[in-house]
Amino acid sequence: MGEGPRRLRGPRGPPSPGGGHGVGKAAGTGARELTTGGSGGPEDEGRSRDGAVKMVKRSCPSCGPEPGGEEKKGRGNPISVQLFPPELAFGGRRRCLSKSVAPLLAHGYRRFLPTKDHVFILDYTGTLFFLKNALVSSTLGQIQWKRACRYVVLCRGAKDFASDPRCDTVYRKYLYVLATREQPAVVGTTGSRACDCVEVYLQSSGQRVFKMTFHHSMSFKQIVLVGQENQRALLLLTEEGKIYSLVVNETQLDQPRSYTVQLALRKVSRCLPHLRVTRMASNQSSTLYITDQGGVYFEVHTPGVYRDLFGTLQAFDPLDQQMPLALSLPAKILSCALGYNHLGLVDEFGRIFMQGNNRYGQLGTGDKMDRGEPTQVHYLQRPIALWCGLNHSLVLSQGSDFSKELLGCGCGAGGRLPGWPKGSASFVKLHVKVPLCACSLCSTRECLYMLSSHDIEHHPTYRDLPASRVVGTPEPGLGAGAPQDPGGAARACEEYLSQIHSCPTLQDRMEKMKEIVGWMPLMAAQKDFFWEALDMLQRAAGGVGPGPSTPES
């Protein structure tokens, strides 16, 4: 599979010989085709129950009852699946959540992706749903929300999908869908064959504008995008752990014409053939690969991002931007999050490591110093989900009382960190009510999204850290002969006191103490108690007037 570039021929060229792995078709089309069979327009699968769009909170124990949900007299106490909360919720840069319309035909939600105007959701049977948004005014009449008011089935047989990797959804004009389609039999063969393909849809209307089909011997499981619109690289991960790439000009996809593109083995698979990649992540100018052994390899395509990530340009080669760089890590990596110029990694013991630019404190290390290598965030462990954006980071975690909470650090402007408008250099608890079954999240320029679902076959994947590796200090040169402090609690408290002492005024010390409460491994009720008490003391000191008991005051 690794002998040089492969070519995909357009439908106007000679017929495919069927002998090469990379032979396929790439065709532009103006047909409006939103289902597998490609016949007709989209089929409207459902609307909100009362036909209107409402701003309501989630109907779950963590968010309170849904308005109007009281039982009518004389009807007993029926229990229905409809009483359970929908699996997708999203809101604007405020604290309340918008309940999304739930596709009734979905078989569990595997992943979702917001685009410029809408939201796309993939379920476990390969059905890709197209949730159409509508603008809804808030009760104050000042804020407009995007609310999914109805949905259609975009296509079936989908394996994965992707769009522009930047956090600003205005750039997400097209949706790239990796799918399996039955191809008609060719001369000399019997029966049809299932072939993988990439279909490109306009996110605004759901119209398919482009399709490329691969040889039936090639099977892919993930697709990511990298690069600019006029030089968009599609990276395709095979079931065998190899990575292929092809380049398209996104600005010409909506033109009804055919052209030839090359499908080539990516350099990470060509130069390191023994590696079996299991997961990819990308942004506009870099790509990260995780192998089956937990190793991490990096591609960085611009000098500015390379300097932010590694602190130097010593090893950067502008003529060989696909050369993979191995990151040195102490354990097997299970998951990752890739921002514009910083990244987060989670290892098999649930430890979080951050690296890159820290101008806004987006690494959560308590300072604003850049890190050129993975640095552990000691006060956070075993996250449910980790997400990195342009200049802030988010962690979805579970407390000891099994409640979910959302933590964030970095830039707080524009509501990125609800409750912390000035931002924070450490992970603090955000003022967002998190659904009990929340399992993933993402943030765009306008909204914060959380996906809530429960998989009975999913089990915790983190291992317990061996006793020999539980050390109180991250640096072996400090306190070499001192007894070990499991968890580093004593050292952390000393560091907290030092930070409070360095604050020049009483008000600064109170604000720093609020941040520290958010860092500490306390239950949600305990944190709320300390924040309320600190607000009372702050008001009594005359620093601020009466106001809500939140860090915003």
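Author: Start with Phe298: its bridge partner in S21 is Leu325. This is a predicted model, where local features need pLDDT of at least 70, side-chain atom pairs count only at pLDDT 80 or more, and totals for chains, interfaces and linings use all residues. Residues are numbered from 1 along each chain as its sequence is written, and side-chain values use heavy atoms, with hydrogens and water left out.

Strand S20 covers residues 296–300 and runs antiparallel to S21, with 2 bridges joining them. Strands here are DSSP runs of E, at least two residues, and helices are runs of H or I, at least four residues, both numbered from the N terminus. Two strands pair if DSSP finds at least two bridges between them.

Now widen the view. S20 and S21 belong to an open sheet of 4 strands, in the order S18-S19-S20-S21, with antiparallel pairing. Its edge strands are S18 (277–282) and S21 (325–326), each pairing on one side only. Strands of a sheet pair through backbone hydrogen bonds.

Helix H2 spans residues 303–310. H2 lies across S20 and S21, at about 145° to S20. Axes are lines fitted to C-alpha atoms, for helices over the stretch in contact (heavy atoms within 4.5 Å). Angles run from 0 to 180 degrees between N-to-C directions.

Next, another strand pair. S22 (residues 333–338) and S23 (residues 342–347) run antiparallel, joined by 5 bridges. A hairpin connects S22 to S23 through 3 residues. Leu338 stands opposite Leu343 in S23.
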